[in-house]
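The entries follow the order in which I went through the model.

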Amino acid sequence: MIPLRRNIKEMAGYVPGYQPADAAAYIKLNTNENPYPPSPRVLEAIMAEAGEGLRRYPDAASRAPLEEAARLYGFPSDWIVMANGSDELLNNLIRAFAAEGEEIAYVHPSYSYYATLAEIQGARVRTFGLTEQLELADFPARYEGKLLFLTNPNAPLGFCFPREFIEELAGRVAGMLVIDEAYVDFADEHSLDLVRRFDNVVVTRTFSKSYSLAGMRLGLAIARPEVIAALNKIRDHYNLDRLAQTAAAAALRDQDYFRGCVEKIRATREWFSNELRQIGYTVIPSRANFVFASPPDRNGERIYQGLFDRKILVRYFTDPLLAHGMRITIGTREEMEKTVEALRDIC
Ligand SMILES: *Cc1c(COP(=O)(O)O)cnc(C)c1O
């Protein structure tokens, strides 16, 4: 018997969305990737960096992308940390704030990876459910846990919590409020100003969705300098490789390209949501690059399977709260037209 820690032995491990070996054979709408390529400036920057300089370590402080982010978001650079995917930040936030046996919380349904990360750390996990009106159920006047993760926009449902509510929540959380804004670039409002106004608020962002860089593994967090300093202490010192650093800086610099892609996805999302409603689906108004939709018979698995047979991949969750529908990533207009056609065919 190898001497594994008990919580590692007992945990199941996270199962990411299906990545088929023959991805080109599918319309792939299951992991919220961007259907458009990264900015041409990003590809140029990576090609220029991919040379003999790779024998040297990257800049441990990731200064180039950090300074671009500081300019773009209007924060001093010591309020920002760059990461190898925002998943790295979620992990390091738990390591920094929740010791073994201490409690963290998140909203269910949202991103269940928080629970996996807490299990690795040996932290306890509490979940807060949602009411029919998509409000937090049973949230205490004062929450004493070490961290509360709020996915906003929510995944997999796509709605946003009202701004006034998030602000109120920041005051009700004794520990840290981590606002996971993985999808916020597709929404109408964000919570960055709360970072300035509350010392316990952290906002995380990712380049995986709105910047078309899931394959580069890039994220960032914005928080008070004391929080950023702690996150810098515990991260891998060379967490971003040279290609990732140059890609991140170039992506942030090319805001015209970024805005173009986001606008197309938002327009396609509205068109697709209306089409779904016309064929009798219930669709939660989405502020993200996906929609959560339920067929009239509330049998998500049947539709998932029907689409799968037609080489269209969407995300189905067996969780009883989610089994009545599925999460569909917004692809190109053409991909979504084919998806509507397939859905008509299945019904
Ligand atoms: C995609 C996603 C992440 C992870 O982002 P990476 O930067 O790819 O690690 C984090 N939180 C939520 C809610 C996500 O959907």
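**Entry 1: a loop residue**

I began with T332, which lies in the loop between β12 (326-329) and α12 (333-346); helices (H or I, at least four residues) and strands (E, at least two) are DSSP runs, numbered from the N terminus. The model is a predicted one, in which local features need pLDDT of at least 70 and side-chain atom pairs count only at pLDDT 80 or more, while totals for chains, interfaces and linings use all residues. Residues are numbered from 1 along each chain as its sequence is written, and side-chain values use heavy atoms, with hydrogens and water left out.

Is T332 buried or exposed? I noted a relative accessible area of 19%, so T332 counts as buried, where buried means under 20% relative accessible area, exposed over 50% and partly exposed in between (1.4 Å probe, protein chains only). Leaving aside its neighbours within four places in sequence, T332 is in contact with P35, Y36 and T268, contact being heavy atoms within 4.5 Å.

**Entry 2: a buried glycine**

Not counting residues up to four places away in sequence, G300 touches P295, Y316, A323, H324, G325 and M326. For one of these, M326, I also looked up the C-alpha separation from G300, which is 5.7 Å although the two residues are 26 apart along the chain.

**Entry 3: helix α5**

Which residues of α5 are buried? I found Y113, Y114, A115, T116, L117 and A118, and these buried residues pack against α4, β3 (103-107), β4 (124-128), β5 (147-151) and β6 (176-180). After α5 comes G122, whose phi is positive, near 85°.

**Entry 4: two domains**

The protein chain is divided into domain 1 (6-30 + 256-346) and domain 2 (40-254), with bounds that come from an automatic or database domain assignment. I took the centres over C-alpha atoms and found that 24 Å separate domain 1 from domain 2. Across the boundary, 26 residues of domain 1 are in contact with 30 residues of domain 2.

The area buried between domain 1 and domain 2 is about 2,300 Å², of which carbon and sulfur atoms give 64%; buried area is the accessible area (1.4 Å probe) that two parts lose on being put together, summed over both. On the domain 1 side, Y14, F258 and R287 lose the most area to domain 2, together 28% of what that side buries.

**Entry 5: pockets**

I then went through the open spaces. On a 1 Å grid over the protein atoms alone, a pocket is an open set of points with protein on both sides within 12 Å along at least five of seven lines, a cavity is a set where a 1.4 Å probe fits but cannot get out, and lining residues have an atom within 4 Å of a point. Grid points are joined across faces, edges and corners, and a volume is the space filled by probe spheres set on the points.

The largest pocket has a volume of about 1,000 Å³ and a lining of 42 residues, of which Y14, P16, G17, Y111 and R315 lie nearest its centre. Its lining draws at least three residues from each of domain 1 and domain 2, and the largest share, four residues, comes from α5.

The second largest pocket holds about 420 Å³ of space. Of the 15 residues that line this second pocket, T131, E132, L134, L321 and H324 are the closest to its centre. Where does the second largest pocket lie? Both domain 1 and domain 2 give residues to its lining, so the second largest pocket lies between them.

**Entry 6: cavities**

How many cavities of 30 Å³ or more does a search of the whole structure find? I recorded two. The largest cavity has a volume of about 70 Å³, and the residues that line it include P37, V42, Y211, D254 and F258. Helix α10 (residues 255-278) gives the largest share of this lining, three residues. The second largest cavity holds about 30 Å³ of space, and N152, C160, F161, R163, I166, E189, H190 and S191 line it.
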